[in-house]
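Reader: Hello! I am new to this structure and would like to be walked through it. Could we take it piece by piece?

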Amino acid sequence: MGKQFPAMLPEHMDFIRKQHMFFVGTAPLSQEGHVNLSPKGYDTFRILSENRVAYLDLTGSGNETSAHLEENGRITIMFCAFEGPANIMRLYGTGTVILPESREWETLYPLFDPIPGARQIITIDVHKVQTSCGYAVPFMTYEKERDTLNRWAEHKGEQGLHDYWQEKNRSTIDGLPTPLGKRLGL
């Protein structure tokens, strides 16, 4: 059955470090707004302390997470064990968007391997950790990372990525402005 903790324990951190993907959930305050759930891959997740984590957010077709965090800060990160013992872990917290020109970016970005298309870093102050059984999560074997996003971002180049952000990442599907969109001059 599920257990709750006020912070990540060493065994939680070990579990997280073994995972090849995670899921990010956020939602706007509006009842008509869309809940966002995004799968994340690559080696983009870092544990900063027992109550703080960060991930390098890569360019995508939307930018819902950042706008939701700007509006209300609520975020959930979920990890599922697809290999080994069954387990699901959720990190509940408050998130912040870190853009490349900020001082905090200069501190955090060196913790990650450079990945083409990196657009922001999301930090999460974790106030609750919850584990649950995960008995129904199927076994799946990790084969390798897809290189499609890297190749796409490299092909776009710096100006192409900037243009793409202007077109696709300035606001959410509900019209909420993103921090990146504000920086780009909505």
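**A walk through the strands and their neighbours**

Author: Gladly; let us start with strand S8, which spans residues 118–132 and is mostly covered, as 12 of its 15 residues are buried. Here buried means under 20% relative accessible area, exposed means over 50%, and partly exposed is in between (1.4 Å probe, protein chains only). Helices (H or I, at least four residues) and strands (E, at least two) are DSSP runs, numbered from the N terminus. This is a predicted model, in which local features need pLDDT of at least 70 and side-chain atom pairs count only at pLDDT 80 or more, while totals for chains, interfaces and linings use all residues. Residues are numbered from 1 along each chain as its sequence is written, and side-chain values use heavy atoms, with hydrogens and water left out.

Reader: Which residue in S8 does Phe-5 stand opposite?

Author: Strand S1 covers residues 3–5 and runs antiparallel to S8, joined to it by three bridges. Two strands pair if DSSP finds at least two bridges between them. In S8, the residue opposite Phe-5 is Val-129.

Reader: What is the bridge partner of Gly-95 in S8?

Author: Strand S7, residues 88–98, pairs with S8 in the antiparallel sense over 11 bridges. Within S8, the partner of Gly-95 is Ile-124.

Reader: Staying with S7, is Tyr-92 buried or partly exposed?

Author: Tyr-92 lies in strand S7. Setting aside neighbours within four places in sequence, Tyr-92 is in contact (heavy atoms within 4.5 Å) with residues including Ile-75, Thr-76, Asp-125 and His-127. With a relative accessible area of 23%, Tyr-92 is partly exposed.

Reader: How many residues of strand S2 are buried?

Author: Both faces of S2 are covered: Phe-22, Val-24 and Thr-26 are buried on one side, and Phe-23 and Gly-25 on the other. Strand S2 (residues 22–26) is therefore largely enclosed by the rest of the structure, and its count of buried residues is five of five.

Reader: Is Tyr-42 buried or exposed?

Author: Tyr-42 is found in the loop between strand S3 (36–40) and strand S4 (45–49). Its phi is positive, about 60°, although it is not a glycine. At 17% relative accessibility, Tyr-42 counts as buried.

Reader: What residue follows helix H2?

Author: Helix H2 (residues 64–72) is mostly covered, with seven of its nine residues buried. Among the buried ones are Glu-64, His-68, Leu-69 and Asn-72. The residue after H2 has a positive phi, near 80°, and is Gly-73.

Reader: Where is Tyr-109 found?

Author: At 23% relative accessibility, Tyr-109 counts as partly exposed. Leaving aside neighbours within four places in sequence, its contacts include Leu-56, Pro-114 and Ile-121. As for its place, Tyr-109 is in the loop between helix H3 (103–108) and S8.

Reader: Stepping back, what is the radius of gyration of the protein chain?

Author: The protein chain has five helices and eight strands. The chain is as compact as a globular protein of its length, 186 residues, because the globule rule gives 16 Å and its radius of gyration is close to that, at 17 Å. The radius is taken over C-alpha atoms, and the rule is 2.2 Å times the number of residues to the power 0.38. So the value from that definition is 17 Å.

Reader: Finally, what percentage of the residues count as buried?

Author: Along its principal axes, the C-alpha trace of the protein chain spans about 45 × 35 × 30 Å. Of contacts with a separation of 6 or more, 71% are between residues 24 or more positions apart. Among the 186 residues of the protein chain, the buried share is 45%.
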